[in-house]
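Here is a structure to read through in questions and answers. Please look at it before going on.

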Amino acid sequence: MLRKSWWKIASFLLLLYTCSYGFLVKVPTPPGVPLKETIRNLFFHVPMWIAMMVCFTVSVVYAIKYLRNQSAKDEIYSTEFVRTGNVLGVLGLLTGMIWANYQWGKPWSGDAKQNGTAIALLIYFAYFVLKGSLQDEEKQARIGAVYNIFAYFMLFPCIWILPRLVESLHPGGMGSEGNPGLNPKDTTNSMRTVMYPAFIGWTLISVWITTLRIRVRLIQQKQLVNE
Amino acid sequence: MNKIKRIVSVFLFALLTVTVNAQETVANPENADFMRSNGKLYVVVAVVVTILLGLFFMYLVWTGRLVRWRKIISN
């Protein structure tokens, strides 16, 4: 029991730590940076994107595996990870819009990063549209897997490369320090002690959610085969 | 079961509108309202609540699908 589910316990403990110590840890208030307490969103908004990227990465690995051996199990893994990734992406956008409303004045300011993630998510939404439009199950799985790989290679230009090339309200744009996720200027070491556990915790819980879906799908499939 | 689901979703959507209202009221004045008090800490609270609502909404949808599927199987 413990050997199999240690990571679920870890995700619970890490998120408990994130949600409590994340509000207690001392955050820097450098002059000229109007972030104030909202920098604590680093423990909630940013991990959504980290978890989303992990989900999409796992999904593309299973898509490639599916194309290699045509196993229905790999197809299920791949699809369900995209589904969770999409939910996390939407949550990331929504939480980002709330933060932006108080930080930048309006929920959507057409920032390079906002637009890039919106495009990337729309590409991933189209994955389900494409799969839903095909009747034949094998075709659905195969074209879905190919599209998944395409979508993955659109994701990283959209969220990693494009926002760095132009001026952005997010950190890490042209002429500013850091990467598109965080700014080293207002991230202290004590914040890192919450940030990394938050990244791991949120990622683990998203994997946990996905495995539940996968298990249901596998049982469904077994049932269908038996009938 | 369907009735319970309906009641739960009514409550969930009621909560959703609460968060939306909270955002709208804040859009105008630059200072000294609830969301901007305490160094804008409540923005973080709003973010956490959104994530929680999102996850619960997802669970609700998936549970609904599971229930529907079980009904098909049992028939």
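This is a predicted model: local features need pLDDT of at least 70, side-chain atom pairs count only at pLDDT 80 or more; totals for chains, interfaces and linings use all residues.

Q: What radius of gyration does chain A have?
A: Chain A has 227 residues, and a compact globule with that number would have a radius near 17 Å. The C-alpha trace spans about 65 × 45 × 25 Å along its principal axes. The computed radius of gyration agrees with the globule value, at 19 Å.

Q: What percentage of the residues in chain A is buried?
A: A residue counts as buried under 20% relative accessible area. Of the contacts in chain A with a separation of 6 or more, 72% are between residues 24 or more positions apart. Among the 227 residues of chain A, the buried share is 47%.

Q: How many salt bridges are found over all chains?
A: Side chains of opposite charge can pair when their charged atoms come close. Chain A holds 22 positive and 12 negative charges, with mean positions 7 Å apart. The search of the whole structure gives a salt bridge total of seven.

Q: Is A:Arg40, the salt bridge partner of A:Glu37, buried or exposed?
A: The closest N and O atoms of A:Glu37 and A:Arg40 are 2.7 Å apart. A:Glu37 has 23% relative accessibility and so counts as partly exposed. A:Arg40 has a relative accessible area of 5%, which means that A:Arg40 is buried.

Q: Which helices of chain A are tied together by A:Glu80 and A:Arg213?
A: The two side chains meet in a salt bridge of 3.0 Å, N to O. The two residues are 133 apart in sequence, so the pair ties together separate parts of the chain. A:Glu80 lies in residues 72–103 and A:Arg213 in residues 189–226, that is, in helix 3 and helix 6.

Q: How many residues apart are A:Arg217 and A:Glu80?
A: A:Arg217 forms a salt bridge with A:Glu80, with the closest N and O atoms 2.7 Å apart. A:Arg217 is in helix 6 and A:Glu80 in helix 3, so the pair links distant parts of the chain; the separation is 137 residues.

Q: Which residues are linked with A:Glu80 in a network of salt bridges?
A: A:Glu80 counts as buried, at 0% relative accessibility, and A:Arg213 is also buried. The network includes A:Arg213 and A:Arg217. Besides these two, A:Glu80 is linked in the network with A:Glu75, A:Arg83 and A:Lys131.

Technical notes. Residues are numbered from 1 along each chain as its sequence is written. Chains are lettered from A and ligands numbered from 1 in the order in which they are written. Side-chain values use heavy atoms; hydrogens and water are left out. A salt bridge is a side-chain nitrogen of Lys or Arg within 4 Å of a carboxyl oxygen of Asp or Glu. Buried means under 20% relative accessible area, exposed over 50%, partly exposed in between (1.4 Å probe, protein chains only). Helices (H or I, at least four residues) and strands (E, at least two) are DSSP runs, numbered from the N terminus. The radius of gyration is taken over C-alpha atoms; the globule rule is 2.2 Å times the number of residues to the power 0.38. Contact means heavy atoms within 4.5 Å. Lys and Arg count as positive and Asp and Glu as negative; His and the chain ends are not counted. The place of a charge is taken as NZ of Lys, CZ of Arg, CG of Asp or CD of Glu.
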